[in-house]
Amino acid sequence: MHLATAAQSLTVSPFAVSKRRCIPRGLTMREARTVIIAVHGTFAPNAEWARQGSHLHRALLTILGTAVHWIPFQWRPGSNSHEARLAATTDLEKVIRDAAQTFHGCSIFIIAHSHGGNVALMTLARLARKCPGRGAVCL
């Protein structure tokens with residue numbers, strides 16, 4: 001499939017984080033085989049690679065096919081503290097749980113950069129016993 005065609009056929013799955021839960025917006029209920037959550041680093045909340053339609057996003061669509069839901073995860077930028085990463089861990093856990101519930105049986109992966117990797121690994125450690133089978137790539 002041509003790269004532009006693959007990118008156009010993607011259904012984007014942004015999640016809005018609220019205090020109660022993550023609410024999927026604009027989702028189709030089509031079965032997703034893979035959910036990828038992109039987690040930016042501390043000082044890069046608008047990192048190009050984490051956006052929908054980035055080179056990385058399009059390359060993964062080409063490799064994995066169009067049944068991929070891409071979720072750019074936003075956490076408090078510029079807060080280079082353990083407390084900020086703990087708060088982000090709680091929010092990311094909600095996003096993962098909602099994605100797992102919405103797309104039952106899908107594989108969920110996190111791609112994270114810099115301290116976003118700490119957020120991802122801390123979240124996965126919290127979920128390890130309850131939700132096995134998640135993975136992370138830290139850049």
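Glu 93 forms a salt bridge with Arg 97, and the closest N and O atoms of the two are 3.0 Å apart; the term salt bridge stands for a side-chain nitrogen of Lys or Arg within 4 Å of a carboxyl oxygen of Asp or Glu. This is a predicted model, in which local features need pLDDT of at least 70 and side-chain atom pairs count only at pLDDT 80 or more, while totals for chains, interfaces and linings use all residues. Residues are numbered from 1 along each chain as its sequence is written, and side-chain values use heavy atoms, with hydrogens and water left out.

Because Glu 93 and Arg 97 stand four residues apart in helix H3, about one helical turn separates them. Helices (H or I, at least four residues) and strands (E, at least two) are DSSP runs, numbered from the N terminus. Glu 93 is buried, with a relative accessible area of 10%, whereas Arg 97 is partly exposed at 34%; here buried means under 20% relative accessible area, exposed means over 50%, and partly exposed lies in between (1.4 Å probe, protein chains only).

Which residue besides Arg 97 is linked with Glu 93 in the network of salt bridges? The side chain of Glu 93 also meets that of Arg 126 in a salt bridge, with 3.4 Å from N to O. This pair links distant parts of the chain, since Glu 93 is in helix H3 and Arg 126 is in helix H4, 33 residues apart. Arg 126 counts as partly exposed, with 38% relative accessibility.

By the rule given above, the count comes to two salt bridges, and Glu 93, Arg 97 and Arg 126 are linked by a network of such bridges.

## How H3 and H4 pack

Helix H3 (residues 82-102) and helix H4 (residues 115-127) pack at an angle of about 60°, and their axes are 8 Å apart. That angle makes H3 oblique to H4. For this description, axes are lines fitted to C-alpha atoms, for helices over the stretch in contact, and angles run from 0 to 180 degrees between N-to-C directions. Angles under 35 degrees count as roughly parallel, those over 145 as roughly antiparallel, those from 65 to 115 as roughly perpendicular, and the rest as oblique.

By class, the contact of H3 with H4 has eight nonpolar, six polar and four charged residues. In this grouping Ala, Val, Leu, Ile, Met, Phe, Trp, Tyr, Cys and Pro count as nonpolar, Asp, Glu, Lys and Arg as charged, and the others, Gly among them, as polar.

Ser 114 lies in the loop between strand E5 (107-112) and H4. Although Ser 114 is not a glycine, it has a positive phi of about 55°, and at 43% relative accessibility this residue counts as partly exposed.

The C-alpha atoms of Asn 118 and Val 39 are separated by 9.9 Å, although the two residues are 79 residues apart along the chain.

## Strand E6 and the whole chain

Gly 135 has its place in strand E6 (residues 135-138) and is buried, with a relative accessible area of 15%. Leaving aside its neighbours within four places in sequence, Gly 135 is in contact with Ile 108, Phe 109, Ile 110 and Leu 124.

The protein chain has four helices and six strands, and from the N terminus on its elements run α-β-β-β-α-β-α-β-α-β. Of its 139 residues, 42% count as buried. Among the contacts in the protein chain with a separation of 6 or more, 74% are accounted for by residues 24 or more positions apart.

Definitions and conventions. Contact = heavy atoms within 4.5 Å.
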